[in-house]
Amino acid sequence: MTIGWSSDLRVVLVTGPIDFRAGINKLASLVANELGRDPYSSEVYVFRSKRADRLRLLHFDGSGMCMMSKWLEAGKFAWPPVRNGVIKLTSAQMV
């Protein structure tokens with residue numbers, strides 16, 4: 001097993017906050033049913049908490065579903081503005 005992502009990786013930011021009690025099955029269901037996307041694709045789905053101090057990533061690596069979390073001890077994640085349900089990022093914001 002290798003951990004790493006290719007340079008052509010697609011990252012999908014979910015615009016609204018989620019309940020951080022949600023596990024892998026709930027997040028995969030949200031991706032499929034509310035976003036209309038395939039949670040078993042090679043895309044990485046990024047979710048945030050209501051307080052914007054936590055992120056959760058969901059990714060299918062080909063052999064299983066991975067869920068990663070990041071909690072900030074202080075401060076909040078800078079979240080791009082949502083306009084008409086879409087977040088647009090520059091290449092600099094992706095680094």
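Which residue does the side chain of Asp53 meet in a salt bridge at 3.8 Å, N to O? The partner is Arg54. Here a salt bridge means a side-chain nitrogen of Lys or Arg within 4 Å of a carboxyl oxygen of Asp or Glu. A search of the whole structure turns up five of them.

Some ground rules before the details. This is a predicted model, where local features need pLDDT of at least 70 and side-chain atom pairs count only at pLDDT 80 or more, while totals for chains, interfaces and linings use all residues. Residues are numbered from 1 along each chain as its sequence is written, and side-chain values use heavy atoms, with hydrogens and water left out.

**Around Asp53**
- Asp53 also meets Arg51 in a salt bridge, at 3.6 Å from N to O.
- Asp53 is buried, with a relative accessible area of 14%; buried means under 20%, exposed over 50% and partly exposed in between, using a 1.4 Å probe and protein chains only.
- Elsewhere, salt bridges that share partners tie Arg10, Arg37 and Glu43 into one network.

**Arg10 and Glu43**
- Arg10 pairs with Glu43 in a salt bridge, and their closest N and O atoms are 3.2 Å apart.
- This pair links distant parts of the chain, 33 residues apart: Arg10 is in the segment before strand E1 (11-13), and Glu43 is in the loop between helix H1 (24-33) and strand E2 (44-48).
- Helices (H or I, at least four residues) and strands (E, at least two) are DSSP runs, numbered from the N terminus.
- Arg10 is exposed, at 53% relative accessible area, whereas Glu43 is buried, at 10%.
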